[in-house]
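This report examines selected local features of one protein model and the surroundings of its ligand. The sequence and structure are shown first.

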Amino acid sequence: MEPSNQAKENFYQSGPTLKNQYLDDVLLHTYLEQVVPSNILTENTPSLTELGSQAANEMITLAEQAEYDPPVHEPFDAWGQRIDAIRMSPAWNALGRIALQHGLVALPYEGQFGEHARTIQAALCYLYGPSSATYLCPVAMSDAATRTLLDQGDGKIFQPYIDRLTSRDPAVAWTSGQWMTEREGGSDVRSTATEARYDDGKWRLYGDKWFTSAITSDMALTLAQPQGAQARPHHLSLFLVETKLDDDDGKGRWNNITVNRLKDKLGTQALPTGEITLDGTLALPVGDISDNGIAKIASMLNLTRLHNSYAAVGGMRRCFALARSYALKRVAFGKPVAELPLHAHTLAAMATQLAGTFAITFRAAALYGKVESAMAMQDEKQILRLLIPLVKLFSAKQSVALASETLEAFGGPGYVESTGLPRLLRDAQVLPIWEGTTNVLALDVLRAIDRENALKPLLNDARSRLNTAITHEPLAAVTSTLNAHLDQLDFLGDSLGAVSSEVREAGARSFAFALARVYGGVLLVESAAQPEATHPSADTFARQWAADIRVDQFPNE
Ligand code: UCC
């Protein structure tokens, strides 16, 4: 029966609702049950459950407040004195306290959960990220700074910084920035022009940094060219900078840093991103000044790139949850749109994209934990080196695609600011840009293959995982397709040495995407073939994902 005019007049569409983001996530549950020992999972369940609730409730409100009350730069005080105050929303600080409460940075350094700590951390970040108004950015940089100081720094000098970065106490905890980008050098970090001068027993930095994310951080790691006796052509060293000086008046004057302005960005609007000038900024070299700072900051990037993937896959999961909730509520053509065949098919494709991207991201997290806790074999270290750029480039692109599909799944409301939906797309779009663009990452995939011989170990790992699934009849055809793709990738890898560098570079992106897809397919098959705790749609995910794989030749010279 047609609804009456009166009913039509009184009709208002209700928006999507979010349940507890941990309890409602079958994909996350089944994965954690498959890979994390039950005692460790049980111990972390209260935190995961609480964060799942916060992410669906108070964090949403805080994130909205932080977005609508964005950072403000006040260059001067009332009397004209330069102060460069950055006024932050109280909501931003509250989001930071939630990160501390769950030990998002601290947890892997507390040593309780061994190699599984990184998987738990990944799960927490995945829950936290999409409701955090990008507070996951300072979390990521603080984590990576901690790892870098532990690996590269002199413990006596850097322990106090590590203690602050890994504290859960808001009165003690610090966050770190990672200042890499200059006007001359974005992707090309070698073009860094900032100078480090040694004067009166101290190092001071002089130069401009062009993108400084979370400029309100307490410290940062950054590169500079040492001058004087330490000068060497094209040499960059890594330095730690405290952003504020310990003044007698306790006001915390900037460490000879001028904030020229905050960036006006497409998204991440609660995150203060500065353009700054260093003019005599006191700095501590991290490790030996003559070491290659690029290599040190590159290993820092490996961890922030992993966090980028947590943000990507967490964002995808949020998009899917919203699109699914809405599809169950929204009635069109006489039924909920979730029951319309084409919309149901679109949602299923989204679920598959999420499942495959989730699988490779969490595989990288688990392996990072294994390598970090010195449990990994040599080939696993090589796999991790390759997997990180692969997962970063793949997950970031997927997150933008899924955010775009989600906005479309809402129709008009997806394009209306007050629904909060456009923010999903804007915030996803940063993920393929910062921490290395897709092309930079594709070239890093080649670097990992050339310098670390990482391709064969990854392909061997994939083959042995597929082997464990050989008796899983429903996916027999998928398994044989994936085996054929692995052979093709192996062949392409062998021919890499025979093609010109132009051809290799031009083909790097499609090679990397194919590799990520095939490896993702293998992980989906492996997960579907587990004897227990499998996702109800595991076979479908593997089948749909594998159907989308193409392995191209390198382009002709
Ligand atoms: O900072 C940014 C924003 C912060 C926001 C953080 C958000 C975190 C996520 C939040 C989620 C919400 S954005 C910064 C973006 N910039 C980049 O990503 C830089 C992109 N450029 C690169 O990645 C380049 O490829 C470089 C800088 C890594 C390398 O350039 P080069 O100079 O051409 O590289 P080389 O000569 O090939 O490598 C120099 C050294 C070598 O080591 P040695 O000297 O020992 O032989 C390489 O093996 O670095 C080593 N290396 C690596 N090592 C290079 N890449 C890596 C790597 N990925 N892992 C380990």
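The side chains of Glu182 and Thr194 are joined by a polar contact of 2.6 Å in this predicted model. The side chain of Glu182 also reaches the backbone nitrogen of Ala193, at 2.6 Å. Glu182 belongs to the loop between β3 (176–179) and β4 (195–199). Because its relative accessibility is 2%, below the 20% limit, Glu182 counts as buried. Leaving aside residues up to four places away in sequence, Glu182 touches Thr192, Ala193, Thr194, Asp208, Lys209, Trp210 and Leu223.

Past β4, Asp200 is found in the loop between β4 and β5 (202–213). Asp200 is exposed, with a relative accessible area of 72%. The backbone of Asp200 has a positive phi of about 55°, although the residue is not a glycine. Most residues other than glycine have a negative phi.

A positive phi is also found in Ala374, a residue other than glycine, where the angle is near 60°. Ala374 lies in the loop between α10 and α11 and is exposed, with a relative accessible area of 69%. Met375 lies in the loop between α10 and α11 as well. Apart from residues up to four places away in sequence, Met375 touches Glu115, Lys370 and Glu380. Met375 and Glu67 are 308 residues apart in sequence, and their C-alpha atoms are 42 Å apart in space.

Which helices pack against the buried residues of α17? These partners are α2 (26–35), α10 (341–372), α11 (378–409), α15 (476–495) and α16 (501–528). Helix α17 itself comprises residues 538–547, and its buried residues are Ala538, Phe541, Ala542, Trp545 and Ala546. Seen down the axis of α17, these buried residues fall within an arc of 115°, so they line one face of the helix. An α-helix has 3.6 residues a turn, so residues three or four places apart point the same way.

The remaining topic is the ligand. A shell of 29 residues surrounds the ligand, and the closest are Gln178, Ser187, Arg190, Arg447 and Arg451. By class, the shell divides into 13 nonpolar, nine polar and seven charged residues. Helices α7 (136–152), α9 (293–329) and α13 (438–452) each supply at least two residues of this shell. Among the contributors, α9 gives the most, with ten residues.

| Residue | Ligand atom | Distance |
|---|---|---|
| Asn292 | oxygen | 2.9 Å |
| Arg385 | nitrogen | 3.4 Å |
| Arg447 | oxygen | 2.9 Å |

Taken alone, the ligand exposes 1,200 Å², and the protein buries 81% of that area.

How values were computed:
Residues numbered from 1 in each chain as written. Predicted model: local features only at pLDDT ≥ 70, side-chain atom pairs only at ≥ 80, totals over all residues. Heavy atoms only, no water. Near = heavy atom within 4 Å. Polar contact = N/O pair within 3.5 Å; in protein donor to acceptor, adjacent residues only side chain to side chain. Areas by Shrake-Rupley, 256 points an atom, 1.4 Å probe, with all protein chains shown as cover. Helix = DSSP H or I, 4+ residues; strand = E, 2+ residues; numbered from the N terminus. Nonpolar A, V, L, I, M, F, W, Y, C, P; charged D, E, K, R; others polar. Buried < 20%, exposed > 50% of the residue type's maximum accessible area, 1.4 Å probe, protein only. Arc of directions from axis to C-beta. Contact = heavy atoms within 4.5 Å.
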